[in-house]
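Welcome, and thanks for taking a look at this one. Please have your viewer open and follow along as we go from single contacts to the whole fold and back.

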Amino acid sequence: MKKEKPIWKRNLFVLSIAVFIAGIAFSEVMPFLPLYIKTLGEFSKQQLNFWSGLVFSGTYFVSAIVSPWWGKLADKKGRKLMILRASIGMAIVMAAMGLVQNVWELFGLRMFQGVFSGYVSNSNALVATETPKEKSGQALGTMASSFTAGNLLGPFVGGALASIFSYRITFFITGGLLTLIFFLSLFFVHEDDFKPIEDKKLESTKGVIQALRSPALIFGLLLTTLIIQAANNSINPIVSLYVAQLMQNHGNIVFISGVIAALPGIATFLVASRFGVWGDRIGTHKIIVGGFIAATIFFFLTAFVQNTIQLGVLRFLVGFSDACLIPQVQTLLTKNSPAQVTGRIFSWNQSAMYIGNIVGPLLGSTVAGISSYSMVFLVTAGIVVLNLSLFQLNVIHNLDR
């Protein structure tokens, strides 16, 4: 008789598929969102850029604010309930985006989408709490690989759907994908080890902090997450412009830019789970330090590339350093947080990621405007060095205590 898989393994299998689909759903509308905005009114180039930035960032801004509240509710009511709330809420909001008649309605729905954020972070929290601690690095690495793969595939799927059907139909299909992961989560995910908070002290932020073995370590990791996201996203606004400069505005710049933009995610998908296994064996913090050192070298060298092949190789290598960072930070959070407040800790980490997503592009575009594209990569390398120093001070120092 075949032995039944442990529940944590079944949860990991189902949720890795679900976050893969979620990754597709979240990213497939991004490539044509500015084009969709263009159909909603008469805009000058400056107005279109303004609305595109506002519509993009609105979701992150709201998510950063509400994530801790949802995390608190997850610790009281369960992570499964939160992933059901997030998936069905975003399914409705995404589908509604296909019905908007003006840019204000789209902006409002993008803000409302932020209210229903948290599917991936709560899926990670559920996996983290249900998985044996010694396997958490591997499990969270698998989740990161799945979500990254979905994010990579999403723009291609979205572009194809928009070409075959229309922008509006693509939003309806995206809502359908999110409805699918709602039912996957409802019927096939089981949260057996959840113990709701009974201690009234743990309902407050102060109580959560007091429950931590080392608050300085946890907040050091949250700062690490914020700076990682800011560094990675500082590059996003200028990659295609850097490609155009290297190609001297000749050739298929859009295609080459798309390939180069996808390369870090491909590398992360290939190795995130493997780095998680290594971290479980030799120490997760050592993998993170290695990631910082590698990222510093890769960003620094990128400032001096002479052609798109060199740029592509270095962006691919950055994907390996990425795999050493965010998934491993989440693993350290898991290993150093009490299970009953994991939802709160992961929601704080999610807020830190969203803030980094907002700060990074602003930083990159500002540096590029003042100086040059090459300087953006040099500044980003400096930010990574700063992050390594802070990680040593705030995290490793407290791990050794």
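Predicted model: local features only at pLDDT ≥ 70, side-chain atom pairs only at ≥ 80, totals over all residues.

## Ground rules and a first contact

A polar contact here is a pair of N or O atoms within 3.5 Å; within protein, one atom must be able to donate a hydrogen and the other to accept it, and residues adjacent in sequence count only if both atoms are side-chain atoms.

Residues are numbered from 1 along each chain as its sequence is written, and side-chain values use heavy atoms, with hydrogens and water left out.

## The whole chain

How many helices and strands does the protein chain have? There are 17 helices and 0 strands; both kinds of element are DSSP runs numbered from the N terminus, with helices being H or I of at least four residues and strands being E of at least two. The radius of gyration is 21 Å, close to the 21 Å from the globule rule for 401 residues, so the chain is as compact as a globular protein of that length. That radius is taken over C-alpha atoms, and the rule is 2.2 Å times the number of residues to the power 0.38. Along the principal axes, the C-alpha atoms fill a box of roughly 60 × 50 × 45 Å.

Of the 401 residues, 54% are buried, where buried means under 20% relative accessible area, exposed means over 50%, and partly exposed lies in between (1.4 Å probe, protein chains only). The accessible surface comes to about 17700 Å², with 67% of it belonging to carbon and sulfur atoms; these areas come from the Shrake-Rupley method with a 1.4 Å probe, and for residues only the protein chains shown count as cover. Among contacts (heavy atoms within 4.5 Å) between residues at least 6 apart in sequence, 85% join residues at least 24 apart.

## Helix α5

Back to the helix we began with. Residues 103-115 form α5, whose 13 residues reach 19 Å from first C-alpha to last, close to the 18 Å expected at 1.5 Å a residue. The expected span is 1.5 Å times one less than the number of residues.

Which residues of α5 are buried? They are Val 103, Leu 106, Phe 107, Leu 109, Arg 110, Gln 113 and Gly 114. These residues cover an arc of only 165° around the axis, which puts them on the same side of α5; the arc is that of the directions from the helix axis to the C-beta atoms. Their packing partners are α2 (33-38), α3 (45-77) and α4 (79-97).

## Helix α8 and Gly 175

Helix α8 (residues 167-188) has 22 residues and a C-alpha span of 32 Å, close to the 32 Å expected. Its buried residues include Phe 171, Gly 175, Leu 178 and Phe 182, and the buried set packs against α1 (7-27), α2, α4, α6 and α7 (136-164).

Gly 175 has a relative accessibility of 4%. Beyond its neighbours within four places in sequence, Gly 175 is in contact with Ala 91, Met 94 and Ala 95.

Ser 123 belongs to helix α6 (residues 119-130) and is buried at 0% relative accessible area. Leaving aside neighbours within four places in sequence, Ser 123 is in contact with Leu 15, Val 19, Ile 83 and Met 143.

In helix α14 (residues 308-323), 16 residues should span 22 Å, and the end C-alpha atoms are 23 Å apart, which agrees. Asn 307 caps the N-terminal end of α14, with a side-chain oxygen 3.1 Å from the backbone nitrogen of Ile 309. Among the buried residues of α14 are Arg 315 and Asp 322.

## Exposed spots

Most residues other than glycine have a negative phi. Gln 248, in the loop between α11 (239-246) and α12 (253-282), has a positive phi of about 55° and is exposed at 61% relative accessibility. Asn 249 lies in the loop between α11 and α12, with a positive phi of about 60° and 59% relative accessibility, which counts as exposed.

Leu 393, in helix α17 (residues 373-399), is exposed at 54% relative accessibility.
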